[in-house]
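Hi,

I am passing a structure on to you, as promised. Please have a look at it first, and then read on for what turned up.

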Amino acid sequence: LQWLLDNYETAEGVSLPRSTLYNHYLRHCQEHKLDPVNAASFGKLIRSIFMGLRTRRLGTRGNSKYHYYGIRVKPDSPLNRLQEDMQYMAMRQQPMQQKQRYRLAPFMIAFFCYVVMETDASRVLPEFGEVEISSLPDGTTLEDIKSLQSLYREHCEAIVDVVVNLQFSLIEKLWQTFWRYSPSAPSDDAAIIELSNLSEIESRLPKGKLITLCKNESILKWMGNCDHVMYQALVEILIPDVLRPIPSALTQAIRNFAKSLEGWLSSAMNNIPQRMIQTKVAAVSAFAQTLRRYTSLNHLAQAARAVLQNTSQINQMLSDLNRVDFANVQEQASWVCQCDDNMVQRLETDFKMTLQQQSTLEQWAAWLDNVMMQALKPYEGRPSFPKAARQFLLKWSFYSSMVIRDLTLRSAASFGSFHLIRLLYDEYMFYLVEHRVAQATGETPIAVMGEFGDLNAISPGNMDKDEGSEVESEIEEELDENGEPQAKREKTEINQAFQVGCMQQPVLESGVEQSLLNPLHNEHIVTNTQTIRQCSATGNTYTAV
């Protein structure tokens with residue numbers, strides 16, 4: 001309270017972002033080794049001192065923030081120098097621990113140097129949608145629904161606040177507070193939530209009603225959507241550009257954070273209905289996976305950047321690439337991928353030209369984006385777009401594997417460089433496709449990636465109608481004329497094929513049948529179930545197929 005009085009004062013006609021005040025408070029607590037209260041409790045403290053404060057949402061559409069109207073930082077407060085100091089140190093990259101006023105961990109120093117000039121640390125979440133509920137659960141009222149919405153919004157804003165300040169460990173405490181965590185064996189450990197915080201939330205929404213609402217499907221769907229929006233905002237705060245270099249200390253901190261998330265959440269929800277736990281864990285799992293993927297992608301990007309800037313390596317790659325038998329690659333891949341020959345040849349030419357021009361990593365990224373856009377253009381606006389996008393990824397990966405195989409068999413001197421580039425381009429194409437699918441479906445990339453994390457998301461009832469009918473028609477095609485499932489028939493055909501090829505020879509101790517060590521005729525070659533099916537259906541040999 002004294003700190004608030006020392007640093008702020010009422011003033012007409014001015015405003016201050018709500019999250020900025022909370023960020024100032026978190027830094028104060030860190031400096032003096034104090035346990036901070038959550039954002040909602042901090043808001044009550046401010047209003048108890050500065051009477052009559054109003055809250056306004058200011059800013060342009062899509063980028064507005066909640067502000068306290070009628071309060072400002074005192075002219076002589078050291079907080080006025082905070083932003084100037086941070087920007088100065090970001091430009092000079094000075095070790096921040098030299099400033100005794102702000103004792104920050106190394107990864108926090110790295111974060112501010114990396115992101116303070118790019119990201120508004122006081123950004124707030126986009127608006128959450130309303131709960132669409134047809135009938136109230138027994139024992140609850142409309143006011144309870146509104147209380148849940150309000151509490152959850154404040155809870156999510158508090159999570160964003162602590163992530164912006166890289167106080168990752170506080171996430172567990174915020175979850176424990178909201179879900180009314182009750183340890184099986186009470187202790188004085190810091191993980192146990194302060195009774196004051198619990199009593200405040202309990203007065204607004206009793207735990208019994210919270211549990212009742214957690215069983216409602218409409219509430220489950222709404223909270224899952226809110227989580228996707230929040231986690232997407234957190235990803236964009238922590239990793240605003242997957243190609244831009246990230247300090248290694250920050251990368252490691254983010255990966256450790258991602259590793260802890262599911263355990264923290266599951267533990268905090270130890271007495272919440274299972275369906276709600278599944279919904280929440282599915283969303284946080286998609287978030288954690290995204291953080292791991294993006295940090296790995298960023299690491300690959302920085303390694304590849306060094307290769308792409310090395311003239312001698314680029315010349316060697318071009319020399320090796322020109323020896324690849326692309327006609328053979330296309331011939332073998334066309335049966336699986338069924339891509340247009342002209343398009344594949346055009347990609348080959350463009351790839352070699354882009355490599356020859358010694359393009360930067362950013363220019364390669366633009367090239368990959370253009371490839372993806374051209375490949376998916378015929379499916380724009382169609383319900384089958386997500387499925388087409390997944391198929392494109394599979395085909396892209398298949399072709400790149402064929403090229404790498406050829407380079408490997410030729411013992412290409414630049415194999416290591418190509419392997420690194422291939423890993424990066426595959427991963428970045430995945431990144432581009434997930435964002436394009438998100439844009440096409442009106443969802444966040446986190447929601448797209450979490451779609452199949454929840455088992456319920458792949459049930460027939462949750463499929464897109466058109467895509468579901470496409471899947472059903474494909475399944476029907478997989479049945480033979482007698483209605484026998486294709487998978488069962490494939491198993492029979494595999495057994496028959498091995499009987500033909502092996503002549504039921506005894507199995508050696510090594511597990512390899514004797515006849516498999518002898519030369520095989522074309523009709524005895526078994527590569528995969530698809531080939532077996534094709535041979536069986538056409539009555540031809542493998543070579544003919």
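Glu 157 is a buried residue, with a relative accessible area of 10% (buried means under 20% relative accessible area, exposed over 50%, and partly exposed in between, with a 1.4 Å probe and protein chains only). Glu 157 belongs to helix 6, residues 142-164. Helices (H or I, at least four residues) and strands (E, at least two) are DSSP runs, numbered from the N terminus. If neighbours within four places in sequence are set aside, Glu 157 has contacts with Arg 18, Tyr 66 and Leu 125, where contact means heavy atoms within 4.5 Å.

Two notes before you go further. Please keep in mind that this is a predicted model, in which local features need pLDDT of at least 70 and side-chain atom pairs count only at pLDDT 80 or more, while totals for chains, interfaces and linings use all residues. Residues are numbered from 1 along each chain as its sequence is written, and side-chain values use heavy atoms, with hydrogens and water left out.

Now the protein as a whole. It has 22 helices and 3 strands, and 45% of its 545 residues are buried. Of the contacts between residues at least 6 apart in sequence, 72% join residues at least 24 apart. The protein exposes about 28500 Å², and carbon and sulfur atoms supply 52% of that area (accessible areas come from the Shrake-Rupley method with a 1.4 Å probe; for residues, only the protein chains shown count as cover).

Next, the aromatic rings. How many aromatic pairs does a search of the whole structure find? The search gives 19, where rings of Phe, Tyr and Trp (its six-membered ring) pair if their centres lie within 6.5 Å, and planes under 30 degrees apart count as stacked, over 60 as edge-to-face and the rest as tilted. The pair of Trp 3 and Tyr 25 is tilted, because the ring centres are 6.3 Å apart and the planes are at 55°. Trp 3 is in helix 1 (residues 2-7) and Tyr 25 in helix 2 (residues 18-31), so this pair ties together parts 22 residues apart in sequence. Phe 178 and Trp 179 form an edge-to-face pair, at 4.9 Å centre to centre and 85° between the planes. Phe 178 is buried at 3% relative accessibility, and Trp 179 is buried at 0%. You will also find one aromatic cluster made of Trp 3, Tyr 8, Tyr 22, Tyr 25 and Phe 42.

Two arginines sit over rings as well. Arg 153 lies over the face of Phe 128, 4.9 Å from the ring centre, and the charged end of Arg 293 is over the ring of Phe 430, 4.1 Å from its centre. A charge sits over a ring if NZ of Lys or CZ of Arg is within 6 Å of the ring centre and within 35 degrees of the ring normal.

Last, helix 15. Its buried residues are Val 344, Phe 351, Lys 352, Thr 354 and Leu 355. Seen down the axis of helix 15, these fall within an arc of 165°, so they line one face of the helix (the arc is that of the directions from the helix axis to the C-beta atoms). On the other side of helix 15, Asn 342 and Gln 356 are exposed. Cover for the buried residues includes helix 13 (311-321) and helix 18 (415-441).

Happy exploring!
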